[in-house]
Amino acid sequence: MKKNDWILIILVAACPCGLMVSIPLAFLGGIGSASKQGVLIKSGAVLEDLIRVDTYVFDKTGTLTEGVFHVKDIVPYKFEKERLLELAALAESYSKHPVALSLAEAYGKPAESTRIKDVKEEPGYGVHAFVDGLEVYAGNTRLMNREGILYAQTEKDGTAVHVAVDGKYAGYILIADTIRKDTGKLMRWMRKKNMGTVMLTGDNERTAEKVAAELKIDSVYAELMPEDKVQLLEEFCNDRMENEKLAFVGDGMNDAPVLALADIGIAMGGLGADAALEAADIILMEDEPSKIINAVRIAKGTIRSVRGNVLFAIGMKVFLVILAFFGLVTMQSAIIADMVVMVINILNSFWMMKYPESGV
């Protein structure tokens, strides 16, 4: 055998084409499998980070809960119930917040724009508007405190929308949300895997604690402004170990900064605002939090496939190079062996496309 032929055989035996082709295919297979199961993953790097997540931080409204409120009770103060609901619904009529939509549903009439002027929506507080010439504030306790308006305390379950008219307290409207049916399934799986769970919400503490207790969430932070959520997540990120990752799951416009800040941002695709979907790394198309289980299983399967491909390809290449070094491999054998390694790795990568859904 000529020296040049011997060198060429070694080069062919060491050719990494099977390895280079199969690794991207494994990631593409994992991403494709996830998309079939209603989970859009934006890159292979997200799959790698997902298997290292040990703490999940959740928004409440629209994420752990349905995000579809219904008026539960109307408690007026020197106002008729119908009039209180009318003023609140008209003041909130330009908002797309779930609370505003629930008020519009309960009001049951189209909003007359000629009756409404100077609407100002204030995230984390509520709305300020003029309705029928009356100055109306509708929002949470923070809004009432800021405006120096004394308001009624309530011990009832639900979220209270406090209403003030011309600087005087007019009463509150109690609305209620329901926990998503599959949220409990996700929390049971996370407890089984010893993952930390945290809930951040702008809702009142009583309602937040009730939801957290029902779902057995480890920690809960209530009555937060959007900037408070960002500050808390920064603290969580600074406190975590270097090899650990943190994921945030949310849906709303106010969640976009937090989704972008987290190591992995997971957004609800159905109710999610455009800004939240843009900032997220993973999108759950069917608004089912339990789809996170599928995403994690697929990520782990993908990384196993990649590692299997790497070990098999490198092992075979080292073996072939050793044989070629001693002149025990022909050019034809080296080419066939290289093609066989590539085909086996590609088939292993394509298997990810058939990854089954979670049965948890």
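**Cores, helix packing and loop residues**

At 34% relative accessibility, Asp 132 counts as partly exposed, where buried means under 20% relative accessible area, exposed over 50% and partly exposed in between (1.4 Å probe, protein chains only). The model is predicted, so local features need pLDDT of at least 70 and side-chain atom pairs count only at pLDDT 80 or more, while totals for chains, interfaces and linings use all residues. Residues are numbered from 1 along each chain as its sequence is written, and side-chain values use heavy atoms, with hydrogens and water left out.

Asp 132 sits in the loop between strand S5 (126-131) and strand S6 (134-139); helices (H or I, at least four residues) and strands (E, at least two) are DSSP runs, numbered from the N terminus. Although Asp 132 is not a glycine, its phi is positive, at about 55 degrees. Asn 194, also a residue other than glycine, has a positive phi near 60 degrees. Its place is the loop between helix H8 (183-192) and strand S9 (196-200). Asn 194 counts as exposed because its relative accessibility is 70%.

Next come the nonpolar cores. A nonpolar core is a set of buried Ala, Val, Leu, Ile, Met, Phe, Trp, Tyr and Cys residues joined through side-chain atoms within 4.5 Å. The largest has 38 residues, of which Leu 50, Tyr 56, Phe 58, Ile 266, Ile 282 and Ile 292 touch the most other members. Helix H13 (residues 291-325) contributes the most to this core, with 8 residues. Leaving out residues up to four places away in sequence, Leu 50 touches Tyr 56, Ile 264, Ile 282, Ala 295, Val 296 and Ala 299, where contact means heavy atoms within 4.5 Å. A second, separate core has 24 residues, including Leu 87, Ala 91, Val 99 and Val 165.

H13 also packs against two other helices. The axes of helix H2 (residues 17-36) and H13 come within 9 Å and cross at roughly 165 degrees; axes are lines fitted to C-alpha atoms, for helices over the stretch in contact, and angles run from 0 to 180 degrees between N-to-C directions. H2 and H13 are therefore roughly antiparallel, since angles over 145 degrees count as roughly antiparallel, under 35 as roughly parallel, 65 to 115 as roughly perpendicular and the rest as oblique. Residues in this contact include Phe 27 of H2 and Val 306 of H13. The contact of H2 with H13 divides into 11 nonpolar, 6 polar and no charged residues. Here Ala, Val, Leu, Ile, Met, Phe, Trp, Tyr, Cys and Pro count as nonpolar, Asp, Glu, Lys and Arg as charged, and the others, Gly among them, as polar.

With helix H14 (residues 331-350), H13 packs at an angle of about 170 degrees, the axes being 10 Å apart. H13 and H14 are therefore roughly antiparallel as well. Among the residues of this contact are Phe 312 and Lys 317 of H13 and Val 341 and Asn 345 of H14. The classes are 7 nonpolar, 5 polar and 2 charged.

The axes of H2 and H14 come within 8 Å and cross at roughly 5 degrees. H2 and H14 are therefore roughly parallel. Leu 25 of H2 and Met 342 of H14 are among the residues that meet. The contact of H2 with H14 has 8 nonpolar, 5 polar and 1 charged residues.

Val 220 lies in strand S10 (residues 219-221) and is partly exposed, with a relative accessible area of 21%. Beyond its neighbours within four places in sequence, Val 220 is in contact with Met 199, Ala 208, Glu 209 and Ala 212.
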